[in-house]
Amino acid sequence: MYQACVQDVSPTQQEAFAVFLCMEDKFCGAASGTRGGQQNSSCGADPGETAHECLMDVAPHLAELVLACIKGDRKRELLVMNDIATIDARPQFLPWLTVDGRALGMSEQFLLGKHICDAYVAKTG
């Protein structure tokens with residue numbers, strides 16, 4: 001839910017992904033509770049707290065917009081849109097990935113970087 005709202009209000013994907021990476025880093029491997037061999041007290045933290053911390057660290061100008069999304073009707077709209085997109089994609093296996101709306105087969109996922117680069121080159125020349 002937080003990711004959907006962050007992605008919705010972020011002006012760029014780069015900014016949204018910076019928040020996502022921070023959230024993953026702060027949440028880290030909840031099972032191990034360590035990062036880099038040191039104990040990380042935020043491992044397994046509440047997603048809401050983690051999201052807020054990361055927004056304040058990485059994109060503080062988005063914090064109020066994301067909070068409004070989470071507390072408002074937009075959150076539900078985004079969740080329904082994501083559910084419909086998943087159903088429409090008809091994934092044959094999990095995990096599944098898409099690049100520009102095209103689902104990648106299991107063997108193609110090993111070349112994910114190539115597919116992303118090819119899609120970028122096709123759009124930008």
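A: Helices here are DSSP runs of H or I with at least four residues, strands are runs of E with at least two, and both are numbered from the N terminus. The model is predicted, so local features need pLDDT of at least 70 and side-chain atom pairs count only at pLDDT 80 or more, while totals for chains, interfaces and linings use all residues. Residues are numbered from 1 along each chain as its sequence is written, and side-chain values use heavy atoms, with hydrogens and water left out.

Helix α2 holds both F17 and F20, which are 3 residues apart, about one turn of the helix. Rings of Phe, Tyr and Trp (its six-membered ring) pair if their centres lie within 6.5 Å; planes under 30 degrees apart are stacked, over 60 edge-to-face, and the rest tilted. The structure has 1 aromatic pair. F17 and F20 form this edge-to-face pair, with 5.4 Å from centre to centre and 80 degrees between the planes. Burial is judged by relative accessible area: under 20% is buried, over 50% exposed, and in between partly exposed (1.4 Å probe, protein chains only). F20 is buried at 12%, whereas F17, at 42%, is partly exposed.

A nonpolar core is a set of buried Ala, Val, Leu, Ile, Met, Phe, Trp, Tyr and Cys residues joined through side-chain atoms within 4.5 Å. The largest one has 18 residues, and those touching the most other members are C5, V6, V19, L55 and V66. At least two residues come from each of α1 (2–9), α2 (13–27), α3 (47–58) and α4 (63–71). The most come from α2, which gives 5. Contact means heavy atoms within 4.5 Å. Apart from neighbours within four places in sequence, V6 is in contact with A16, V19, F20, L55 and V66.

A disulfide is a pair of cysteine sulfur atoms within 2.5 Å, and this rule gives 2 disulfides. One joins C5 and C69, with the sulfur atoms 2.0 Å apart. Its S-S torsion is about -70 degrees, so this disulfide is left-handed. Because C5 lies in helix α1 and C69 in helix α4, the pair ties together parts that are 64 residues apart in sequence. C5 and C69 are both buried.

C22 and C54 form a disulfide too, with sulfur atoms 2.2 Å apart. The C22 and C54 link is left-handed, at -80 degrees about the S-S bond. It connects distant parts of the chain, helix α2 through C22 and helix α3 through C54, 32 residues apart. Both C22 and C54 are buried, whereas C117 is partly exposed, with a relative accessible area of 47%.
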